[in-house]
Amino acid sequence: MDYVKALQDICLELVNDRDKLEVREMPSLDDNAIVLYVYASHDDISKLIGRKGVMANSIRQLMSVSTRGMHKRLNIKFESYGEE
């Protein structure tokens, strides 16, 4: 499964500035972990994280469904770039 594409498709529907959205898979020291970073503008990252992290937790839970049969952990980090 292409986790980067799946996460990007989910996030595209939630952000205003689609051109600045970027999802990257980063290497991990743990073979059982998949690390994904979501980069977007400050305002869009605020939307993706949500109040008290509710939206971010929902996105993580939705994405983790695909890794359950593989016995892998999925870590999703949200980072903003640009001015605040």
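Which residue in β3 does Ile-34 stand opposite? Select Ile-34 and look across: the residue facing it is Leu-74 in β3.

Before going on, know that this is a predicted model, where local features need pLDDT of at least 70, side-chain atom pairs count only at pLDDT 80 or more, and totals for chains, interfaces and linings use all residues. Residues are numbered from 1 along each chain as its sequence is written, and side-chain values use heavy atoms, with hydrogens and water left out.

**Stop 1: the sheet**

Show the strands and helices (DSSP runs numbered from the N terminus: E of at least two residues for strands, H or I of at least four for helices). You'll find three strands in an open sheet, ordered β1-β2-β3, with mixed pairing. Since β1 (22-26) and β3 (73-81) sit at the edges with a single partner strand each, one side of each is left without a neighbour in the sheet. From one strand to the next, the twist averages 25°.

Now colour β2, residues 33-41: β2 runs parallel to β3, and nine bridges join them. (Strands count as paired if DSSP finds at least two bridges between them.) With β1, β2 pairs in the antiparallel sense over five bridges. Pick Val-23 and you'll see Val-38 in β2 opposite. β1 and β2 make a hairpin, with six residues between them.

**Stop 2: helices on the sheet**

Select residues 3-12. That's α1, lying across β1, β2 and β3 and running at about 35° to β2. (Angles run from 0 to 180 degrees between N-to-C directions, and axes are lines fitted to C-alpha atoms, for helices over the stretch in contact.) Next take α2, residues 42-49, which packs on the sheet and touches β2 and β3; contact means heavy atoms within 4.5 Å.

**Stop 3: where α2 meets α3**

Show the side chains of Lys-47, Leu-48 and Ile-49 in α2, which meet Val-54, Met-55, Ala-56 and Ile-59 in α3.

**Stop 4: two faces of α3**

Which residues of α3 are buried? Click Ala-56, Ile-59, Met-63 and Ser-64; buried means under 20% relative accessible area, exposed over 50%, and partly exposed in between (1.4 Å probe, protein chains only). Their cover includes α1, β2, α2 and β3. Turn to the face away from the buried side, and there are the exposed residues Val-54, Gln-61 and Leu-62.
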